[in-house]
Amino acid sequence: MGKRKRLMAEGLKEAKKATAIAKLNDVPTSPRKMRLVADTIRGVEVNRALDLLKFSKREASNRLETLLRSAIANWEAKNPENTKDLDNGNVYVKTIMVDEGRTLKRIRPCPRGRAGRIRKRSNHVTVVLDVKPAAVEE
């Protein structure tokens, strides 16, 4: 039983070596606006995703571009011998998750002595890069 677990753990280590993760917490943008940009690069090859973000007009794309560059640097640090995969277009955005962060609640005066609530939303973004599986030749 111990040998099987050890082999399983080694297999998981090898699988995790090919992936790279980067996180960005408490981004002062609403999650909905960030998801609109994140959906454009989900499953896209890394160099193409950088181009899409660079030429996007949305404000959230600047922060996502910085995060993607960080994930690429993490992947290069994990895989110094496989830098050709990055140039060949084998590295892609496997998953990108935008979760809701904390909401700052502010009050704005309204007519007739009332108070209006303002919710300043934030989000957390997680990017996972992976290498495309090799095509099986039959």
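**View 1. Crossing of helices H2 and H3.** A crossing is called left-handed if the near helix is turned anticlockwise from the far one by less than a right angle, and right-handed if it is turned clockwise. In this predicted model, the crossing of H2 and H3 is right-handed. Two packed helices are described by the angle between their axes and the distance between the axes; for helix H2 (residues 31–41) and helix H3 (residues 46–54) the angle is about 145°, and the axes lie 9 Å apart. On the H2 side the residues that meet H3 are Val 37, Thr 40 and Ile 41, and their counterparts in H3 are Ala 49, Leu 52 and Leu 53. An α-helix has 3.6 residues a turn, so residues three or four places apart point the same way.

**View 2. Surroundings of Ser 122.** Ser 122 is placed in the loop between strand S4 (115–120) and strand S5 (123–131). With a relative accessible area of 8%, Ser 122 is buried, because buried means under 20%. Setting aside residues up to four places away in sequence, Ser 122 touches Asp 26, Val 27, Pro 28, Thr 29 and Pro 31, together with Glu 100, Gly 101 and Arg 102. For one of these residues, Arg 102, the backbone oxygen lies 2.7 Å from a polar atom of the Ser 122 side chain. Ser 122 and Ala 22 are 100 residues apart in sequence, while their C-alpha atoms are 17 Å apart in space.

**View 3. Thr 29 and its polar contact with Arg 63.** Thr 29 is found in the loop between S1 and H2, and at 7% relative accessibility this residue counts as buried. A polar contact of 3.2 Å joins the side chain of Thr 29 to the side chain of Arg 63. Not counting residues up to four places away in sequence, Thr 29 touches Met 34, Glu 59, Ala 60 and Arg 63, as well as Arg 121, Ser 122 and Asn 123.

**View 4. The hairpin of S3 and S4.** Strand S3 (residues 104–109) and S4 pair in the antiparallel sense over 6 bridges, and Arg 108 stands opposite Gly 116 in S4. These two strands form a hairpin with 5 residues between them, and the turn includes Arg 112. Arg 112, placed in the loop between S3 and S4, is exposed, with a relative accessible area of 76%.

View 5. Most residues other than glycine have a negative phi. Asp 26, which is found in strand S1, has a phi near 55°, a positive value in a residue other than glycine. The phi of Arg 112 is likewise positive, near 65°, and Arg 112 too is a residue other than glycine. How exposed is Asp 26? Asp 26 is partly exposed, with a relative accessible area of 34%, whereas Arg 112 is exposed.

**View 6. Helix H1.** Helix H1 (residues 2–17) has 16 residues and reaches 23 Å from its first C-alpha to its last, which is close to the 22 Å expected at 1.5 Å a residue. Of the 16 residues of H1 the number buried is 0, so H1 lies largely in the open.

Conventions
Residues are numbered from 1 along each chain as its sequence is written. This is a predicted model: local features need pLDDT of at least 70, side-chain atom pairs count only at pLDDT 80 or more; totals for chains, interfaces and linings use all residues. Side-chain values use heavy atoms; hydrogens and water are left out. Helices (H or I, at least four residues) and strands (E, at least two) are DSSP runs, numbered from the N terminus. The expected span of a helix is 1.5 Å times one less than its number of residues. Buried means under 20% relative accessible area, exposed over 50%, partly exposed in between (1.4 Å probe, protein chains only). Contact means heavy atoms within 4.5 Å. A polar contact is a pair of N or O atoms within 3.5 Å; within protein, one must be able to donate a hydrogen and the other to accept it, and residues adjacent in sequence count only if both atoms are side-chain atoms. Axes are lines fitted to C-alpha atoms, for helices over the stretch in contact, and angles run from 0 to 180 degrees between N-to-C directions. Two strands pair if DSSP finds at least two bridges between them.
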